Amino acid sequence: MAIVADKVRRLDVLIDRIVGLEPGSTEDAQHDQQETGLLTAVIQPPTPRADELLRIARTLSTASRSGTFLPPSRIKQLLEDSVLATEKELAEQGEVGVESQYERDIEWLLVAKATVQTYGILMNTFFDQIMPLSDEIWYWDDVLSSYLKSCLYATQIAPASAWSRAKEIYDAVCEQIRNIHLQQQSVVEAAQTGEFLGEGMSQKWSQFYSIVRQSMAETSVSSLRRKVLSPVDLCRAEARRKRAELQRLRETIAAALGILMDEGLAFDQKAEEDKGLESRLKVADSTLADSIALMHAILTNSVETNEPLSVFEDSVFKDARDVRGAFGTTDSSKPKASFVAERLIQILDHSLLQHKTAVAKHVSENGRPSRVVRYWLPALALLVSSPTILYVLAKRRDSIIDWIQNLGVTVRDFWFNWVIEPIRKVIGTIRHDANSEIAIMSRDSLKADRESLERMVVEFTMDNPSVAVGSPNVTDLQIADIRAKVREGDVTPILKAYEKGLRRPLVGAVSGDLVRSLLIQVQKTKVDLEVAISGIDSLLKSQELLFGFVGLAPGVVVSIGIVQYLRTVFGSRKGLRRGEKVRRIVRVLRNMDRILAAGATNSKGGLKYKDRGLLLCEAHVLRELATEVLPGDVQREFLEDLEDLTSAKNIILEEKALQRIRWAYAEWLGKK
């Protein structure tokens with residue numbers, strides 16, 4: 001628990017400041033070094049036992065500073081390894097000087113570190129116990145929310161109720177028979193004849209049946225509610241009773257948590273900094289003893305849920321005073337470290353375990369039924385219908401296998417054809433792969449047709465120079481000029497021959513010049529068409545990457561949609577989505593507002609212990625959720641405001657801190 005870890009870390013630092021081990025803990029360090037205590041022993045050679053005690057204390061302090069908690073068995077082992085000495089043992093050894101005083105202070109430092117660790121373990125235990133109780137109470141609220149759900153619950157527990165009823169009748173019959181046998185043992189009967197014996201056997205059987213009927217009647221009379229109320233009403237009454245028990249247990253643990261937070265290890269830092277080192281150690285040792293006695297009293301009384309909270313709180317403080325008075329003392333106020341350590345070991349070894357066992361037993365008796373009770377009806381329905389299901393599956397085995405195979409092939413083809421292949425094409429386009437170019441015509445088609453047109457025009461010009469150039473011979477310069485013009489789309493020689501042939505079409509057709517010029521114009525039209533298509537092809541190539549992403553988009557969108565759906569279906573129990581977390585945060589803030597609005601206050605203007613504990617639980621939930629929603633640079637400010645809310649002991653300050661959290665972080669905590 002983050003709240004507990006922060007609290008334990010601060011307590012560990014505070015203890016080091018009190019004993020003078022933390023830099024800047026005193027205003028006048030030279031004055032402290034002149035007093036008897038931890039710092040005076042620096043000038044003396046430490047004993048091996050003192051070194052061992054410091055090693056153990058350092059182990060406990062390292063765990064506290066890191067925010068972790070050692071197991072109770074480990075803390076107990078460290079306390080037993082320390083072998084805390086009493087004053088009598090020190091006196092017998094002659095170690096009553098400065099060195100023994102130094103060892104006593106180290107002993108108290110070790111006990112303080114162990115107490116802080118135990119304090120954190122108890123706080124974590126109470127948090128772990130109170131959080132699931134809300135779910136158990138919610139289950140009974142859900143059962144009582146509608147008559148239909150109450151009927152379902154009555155059906156679920158029907159076999160268990162029938163078995164309990166039969167066992168009750170059986171126990172009553174056995175008790176009646178046992179009483180009759182005891183009465184018959186006081187009467188000595190003489191030997192009877194066979195006829196009389198037969199009459200005795202019939203009387204015994206009739207007596208047995210009358211006992212059974214009487215037992216059933218007696219149990220029914222003792223439970224008159226079974227005659228008046230229906231089974232569903234009885235189940236609703238049982239649900240209300242169990243819910244009330246869990247609510248009382250939750251309030252009791254919350255009160256214990258509030259007492260431990262407010263009264264446990266309550267060092268007055270400012271007042272103790274004004275005192276000398278010896279006075280500070282004496283007051284701190286007394287506070288540690290009081291806190292250990294308080295922890296023992298809380299664990300002893302926290303399971304008694306039948307008493308009002310006021311009685312529970314009075315019992316805790318009364319038992320704490322009794323335990324505190326049982327500690328041995330070396331003077332008027334400072335108890336012996338060995339006595340306190342022994343009580344601490346008892347808390348870790350017995351009281352804590354007994355408390356956990358008692359709470360677990362109480363929750364198991366009043367919590368939701370087991371999975372077997374809740375799900376025996378659907379399991380029975382599945383068992384009854386299993387032959388039919390197996391028959392259908394066996395009959396349609398081939399169809400089911402084909403369907404699964406087709407589904408697998410469809411998924412595979414979709415993945416490779418609509419995701420993998422478009423990605424490959426996009427990568428090829430980015431790398432200018434020649435095989436990935438988009439085209440609507442062959443790459444060298446225009447070049448070949450244009451060269452063919454040039455050859456046709458040149459050959460026609462050389463065969464008909466008088467018509468093409470107006471002279472009997474064609475020079476090389478004229479041929480080069482004709483080739484250049486053909487590349488630009490100018491076929492004037494062919495058009496002149498075509499115009500001349502149209503004057504005498506029959507002669508031109510017979511000689512072939514008209515048809516030849518006409519076919520060359522067809523080739524020219526083909527080249528013009530390819531030039532136009534080449535322009536469109538260039539435009540497509542300039543947008544090739546865009547078309548690649550357009551082809552990839554459908555597959556990617558469908559894949560992302562499927563993944564999100566599967567995460568929503570199968571991953572909702574592992575983690576809440578951001579919107580759901582924000583909704584939970586809003587509900588937590590609402591619960592904290594209700595606690596502050598309806599909570600009772602004590603004489604100092606702060607919340608009572610029960611409401612204080614409930615507020616701490618809600619603050620813990622709020623911190624866990626908010627750290628996943630808030631940005632990193634805002635979390636530190638949020639933790640400061642939350643610390644103001646949990647550490648303030650005045651309800652007005654707590655309300656102001658809650659209002660500040662609401663408006664300061666509404667951008668993240670109030671929007672989905």
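Helix α25 comprises the 21 residues 578-598. The model is a predicted one.

Several residues of α25 are buried, namely Gly 579, Lys 581, Val 582, Ile 585, Val 588, Leu 589, Met 592, Ile 595 and Leu 596. The cover over these buried residues includes four helices: α26 (609-626), α27 (632-647), α28 (651-664) and α29 (666-669).

Helices α16 (371-395) and α17 (397-430) each contribute at least two residues to the patch. The largest share, five residues, is that of α17. Trp 403 is located in α17 and has a relative accessible area of 57%. Trp 403 is therefore classed as exposed, because this value lies over the 50% cut-off.

For the protein as a whole, the secondary structure consists of 29 helices and zero strands. Of the 672 residues, 38% are buried. The accessible surface amounts to about 39300 Å², and carbon and sulfur atoms account for 57% of this area. When contacts between residues at least 6 apart in sequence are considered, 79% of them join residues at least 24 apart.

Technical notes. Residues are numbered from 1 along each chain as its sequence is written. This is a predicted model: local features need pLDDT of at least 70, side-chain atom pairs count only at pLDDT 80 or more; totals for chains, interfaces and linings use all residues. Side-chain values use heavy atoms; hydrogens and water are left out. Buried means under 20% relative accessible area, exposed over 50%, partly exposed in between (1.4 Å probe, protein chains only). The expected span of a helix is 1.5 Å times one less than its number of residues. Contact means heavy atoms within 4.5 Å. Accessible areas come from the Shrake-Rupley method with a 1.4 Å probe; for residues, only the protein chains shown count as cover.
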